[in-house]
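Me: I would like to learn how to read salt bridges, aromatic pairs and a sheet from a set of coordinates. Could we take them in turn, beginning with the charged side chains?

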Amino acid sequence: MKHNNWQTLFEGREENLNWLKRVWSKARSGEPQLAMILGETGLGKTRLVQEFFSSLSKEEFANNNNYWPDSLDVDRNLSLNPLPEDINTKQDIPWLWWGMRFAIPTHRNNTIAQSPFEAEDVSLMVHAFPILRMHQYKATKFEAAKIFSTIVADIASIGVYGSALSILDMFKLKSQEKENSRLSFSEANVKRVETLVENTLARLEMFLNPKSDDCPTVPVILVLDDAQWIDPITVNALRIIFEQATAEQWPLMVIGTHWEKEWQEYPDNLDNSIHTSNLKQVYNVFNDHNPRLVNTLWLKKLESNKLRLIPERALPGIDKIQIEQLVTEADGNPRSMEEMVLLLLNRPTDYFLNGDSNQPLNRKGKSRLAKLQHTSIYQKIIERYSELNTELQDFLSSGALFGPEFIRPLVVDLLIHSPIDDYLSFENINKLADEAQDIHALVQNLEVNCDVFQQKIYHNVAKDYLKIGDEECYEARFSSISNILNKWVTSEKHKSLNTNEQIILFKLVINHACNNPDSILSPKNIAYAFDSLIEAFDNRSQEGEVAKWWSVILTNHGNHWYLEFLEKLEFAPDHIETAINFDINLLKGFLILLPQIDNMMFNPKCPDSLSRKANWLINAGGVYTDPDLAKQHYLNAIEIYRNIIDVFGSSYERLWYLSQSLMIMAGLIQQKIRWTYSTEKLTLTQQKKLLEQEVQDKEFMNLLQEALHITREIIKQFGTSPSRFNMLSQRIIEFAHGLKRLEENTETIAKYYQESLAICRENINNFGATPESLASLSHSLMSLSNYNCDTETAGIYLKECLHVDQSIINDFGSSYERLVGVSDSLFRVGKNNIDCDEVAVGLQQLAESIQIIRDIIIEFGETPSLLFMLSFKLNNLADLTLKFGKEVDPVRNNLQEIITIERSIINKYGITPLRLANLGDSIIKLARFCGDIDNNMVALQAHCQEALKVEKSLTSLNSSYFNTYAINLAKDIEDCLGVEITQDRFIYAKTDNTK
C-alpha cells in the first residue's frame, strides 16, 4: 500500500551509500571487491542495496544510457532485480546487476538449498541480447550475422527466455583437463563444485573477463541478500569466482547482507582451507590473502531525526508527541517503524478521525498507539495480523500450513473440508489473495494460483497465529493436509494446474512427507511426486534442482516411505553424486545405505562404476573428524583401486587416483605420528606408544613408497610431461623427508634428494621453464641445502635457489607467494653467509629479506602470517646482530618492534596459545637484554611483570600442549628475577626493587 510515497524514503544512510560507491570504484578498476553489510533485522540492509542500484542507474542516465530502470521498484517489497520489461535492451549494458536472496531451508531434514548459480535465472538471461550485440563489434561480420540470424529464428519457436539460454550456451567455456600434482579431499571437493557451476561461471566470464576476445568487459555486481542462509554450493562457487577474478583482475563487486549476530558467532579461526560452508570463511580467505579485497560495513541504528521522516510523511495528521512515541519505540529500526505505521494504516476507519489517515488519530487510535510500546517486531506483526478480517486470517493461516509457498485451490479444499469450520464455499479466494498482496504486503504472487509469503517472519506469524489462537482447529486442519495432498496427486486435479504450479504442488508433497514422519501421505503418491519433479527439472536441464531433491531423499532414508525409492537408485547414480557434491555431509547418510544398495548402485564388473565407488569413499573420509573412521574409508578406496588395476588393467587415470589416495592416507597417518621421547626410562604406556609409533612409521613409509612407485610407473607407461615430472619430484622429496625422520642411511636419503633435483632440471631442459617447474626446482634445491651438507655446499644450493626464485618474478611477474619465496631464499642465503664468516654481507641480506616482507605488507595488506613472518625474521636478525655485530641499538629496536608486532597480532586477530607463547618469549628476550646489556634492572623487572601476565593467560587456556610453554616461561621469569615465582613473591620483589 502506498501512502504519500513514504515507503520509498531513503534518509540517514548517505555515508553508507558513499561507502558502497567507493568500493564499486575499486572494483570497476579491476580490483575485485567483497563488501559485507552487517546489521540486525530491519535496519535497512536490503534497502541500502536498492538505493545503491538506483544511484548507479541515475549516473548512467546522466551519461545518456538508460539501459537500467531508475529503481528496483520498492513497491515490490525487497526486490533485488528489476523486472525484465523495465530493462532497455536496445542500449548497451554498462554493468551487470544480479541479485539473489537466500532463505532458511523450509523443511527440517533438508541440509541444502538450491544455489542460485544452478537456477536458470531470467534476471541474468535477459542480458544475453545486449552482450550478443556487443559481441558483434569484435566478431567477424560473417560470424556475427550467422549467430544473430540463428538466434532471431529461435525466438519465434522457443521464446525469448529459451533463446537467451541458447545465446549463453554459445559462450560456454569448456573446462580444460588439469593434471594435479596433489589432490587433497578439499581440493577435490572444490573441483567438483567448480564443475557443477561451470555453466554459470562461463556466463559470468562472458561479461567479466577483460582478456576475452569475444566481447568487451562488463563490470558485474553480485548481490547476496540474507547471506546468513547461503547454501554450501553458492559459497564454494563464489570462492571459485573470486579466486579467478582476483587472479585475472576482473571488475567484480560482490555485496552480501548478513545478520550481525550470526556473523560474529562464526569463529575467526575457521579452517579456511577446507570445504567452505559460510560466507565468513570466504571473507577470511581473501582477507588473509589481501585485506584490500574485503570491506565490512556495520550498519548502525538510524538517527532519530531521520527515522522521524517516516511517520511525518505517512501519517501527516498526527502530532509531534505521537511522532516521538513512534520514534522512541522504533529505537532506530526502520522496519519496526514501518510495521507500526502499517498497523495504524490498515484500519483507518478505526484509528483516524473521519476514517482519513491524513487526519489526526481518534481516541481509539491514540489508545492503540500507546499499546505499541515495548514490543518486538515479531509482536508488532502479530498485532497487525490480528487486525485483518477473519476470512483473510483463515486464508493466510491455512496457506501457511502448507509452507512458505502455497496453492490457492488447495487452501480452498482445506477450508471447505475442515472438520471444525463449516465452509461451504470460498468464492472470494482470489480477492483475499490480492488484498494480502496489494494492501497488506504480506504475500507475493508467483503464478496464477500460487503465492509466497514475502518474508519468513510473515510465514511464521501466519502459521503460529492459528496454533496459538485455536490449537484444536490447527491440529484438525494440519491433519487434513495429507488427505488433501493425496487427493490432488491421485486424481487428475493436479493436471488443472500449469507446469510451474504442478512443480510447487510436488514440492509441497515431498516437504510434507519429510517434515512429518507420521504423515499418512501414500508412499506411492510421494514416489509419483518425486518422479514428476525430477522429470520436470530434467526437461529444463536444471541439474541443481535435480540434485537438491535427490539430497532430500538421501537425508530421509529413515522414513517409512523410503523403500519406494531403493529401486530407483540404480537409475540415478549421477543425480546422487551431484547431490553429494552439493553437501558432502550427505555421504554419511548415503554410506549407511551402502550395504543395501551396493549391487544396485555399483556394477562389480564395470571398472568405471567401481572407480565411482572408490571416489565416494575417499570423499567420505574427509567428512569424518574421527581419523580411524576416515582411515577405514581411505583403505577401502585404495583396495578397490588396486583390484581395478589387477582385474581390468592399468590406465593413467586409475594409477593417478591410486597414487593420490595413497598420499591422502599417508598424510592422515602422519598427523597421528608422535616422534621419539626424550627420557631414557619409559613407562609401560610410553613403551606402548612407541610400539604404536613404529607400526605407524612403517605404514606411513609403505604408503609413500607405493605412491612413488606408481608415479614412476605412470611415467614409464604413459611418458613424461611437465606435470608428471613435477609430481615425481614431489613424491621423491616426500619419501626422502620420511626417511630423514626415521634417521635412515644418510647416503640413501641424499641420493633421493639428488634424484629429485635431476628430475627438475630434466623437466626444464625438455619442456622449458614455467612457474611450476621453476618452483619445483627451488623446492628441491632448498631440500638439498637442509640435508647433511657442509656449509659451503649448502650455500651453493641456496644461492641457486635464490636465483631461481628471482627469475620466476623477472620472467613471469611478481605475486604475493613469489615475493615471499624470494624473501625466504634471501634470508637463508644471509644466514649461510654468516656461517661462512661473511657476517656483514649476511646481516645485510637478512635486513633486505625483512624489507621485502615490509614491502609485501604495504602492497598486499597485512595478514597474521605476514606479521608472524616479519616477527620471526626480526628475531633472528636481533640474535645474530647481538652475537656478531658491534652496535646494540638496532637489537633493542628490533626486540621492541617484535613485541609491538606480536601484540598487534593478538589484538587484531585474536588470542591463540602459540601467539601468547611467542609474545612471552619476546618479552623475556627484551628483559634479558635490559638486564645484561643495558644493566637496567627497573626495565628488566617491568618486562618480567609483563611476561608474568602472559604466563597466566597461557595457563588459563588449559592447553596441555602449551602448558609446557607456560612452565618454561615461568622458569625464565624466575631466572631473570632471581626469585621463586608466585604472585605474592613477584609483587614483593617489585616493591622491594630487587632483582
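Reply: Lys 487 and Asp 413 form a salt bridge in which the closest N and O atoms are 2.9 Å apart. The model is a predicted one, and side chains of opposite charge can pair when their charged atoms come close.

Me: Is Asp 413 buried or exposed, and how does Lys 487 count?

Reply: Asp 413 has a relative accessible area of 8% and is buried, because the cut-off for that class is under 20%. Lys 487, at 32% relative accessibility, counts as partly exposed. Asp 413 and Lys 487 are also linked with Lys 493 in a network of salt bridges.

Me: How many salt bridges does the structure hold?

Reply: The structure holds 22 salt bridges. One of them joins the side chains of Asp 934 and Arg 892 at 2.7 Å, N to O. Asp 934 sits in the loop between α40 (913–932) and α41 (937–956), while Arg 892 is in helix α39 (residues 889–909), so this pair ties together parts that are 42 residues apart in sequence. Asp 934 counts as partly exposed, with 30% relative accessibility. Another salt bridge brings together the side chains of Arg 22 and Glu 15 (3.2 Å, N to O), and Arg 22 is partly exposed at 45% relative accessibility.

Me: What describes a pair of aromatic rings?

Reply: A pair of aromatic rings is described by the distance of the centres and the angle of the planes. In this structure there are 20 aromatic pairs. For Phe 53 and Trp 95, the ring centres lie 5.9 Å apart and the planes stand at 90°, so the pair is edge-to-face, the class for planes over 60 degrees apart. Phe 53 is in helix α2 (residues 45–62) and Trp 95 in the loop between α2 and β2 (96–101), which means that the pair ties together parts 42 residues apart in sequence. Both Phe 53 and Trp 95 are buried.

Me: How far apart are the ring centres of Phe 53 and Trp 97?

Reply: The centres of the rings of Phe 53 and Trp 97 are 5.1 Å apart, and because their planes are at 75°, this pair is edge-to-face. Here helix α2, which holds Phe 53, is tied to strand β2, which holds Trp 97, so the parts joined are 44 residues apart in sequence. Ring pairs link Phe 52, Phe 53, Tyr 67, Trp 68, Trp 95 and Trp 97 into a cluster.

Me: Let us turn to the sheet. In what order do strands β6, β7 and β8 lie?

Reply: Strands of a sheet pair through backbone hydrogen bonds, either parallel or antiparallel. In this case 3 strands form an open sheet in the order β6-β8-β7, with antiparallel pairing. The edge strands, each pairing on one side only, are β6 (405–407) and β7 (443–447). The twist from one strand to the next averages 30°. Between β7 and β8 (residues 450–453) there are 4 bridges in the antiparallel sense, and Asn 445 stands opposite Asp 451 in β8.

Me: Which helix packs on the sheet?

Reply: Helix α23 (residues 499–515) packs on the sheet and touches β6, β7 and β8, its direction making about 115° with that of β6.

Definitions and conventions. Residues numbered from 1 in each chain as written. Predicted model: local features only at pLDDT ≥ 70, side-chain atom pairs only at ≥ 80, totals over all residues. Heavy atoms only, no water. Pairing = 2+ DSSP bridges. Helix = DSSP H or I, 4+ residues; strand = E, 2+ residues; numbered from the N terminus. Axes fitted to C-alpha atoms, helices over the stretch in contact; angles between N-to-C directions. Contact = heavy atoms within 4.5 Å. Phe/Tyr/Trp six-rings, centres within 6.5 Å; stacked < 30°, edge-to-face > 60°. Buried < 20%, exposed > 50% of the residue type's maximum accessible area, 1.4 Å probe, protein only. Salt bridge = Lys/Arg side-chain N within 4 Å of Asp/Glu carboxyl O.
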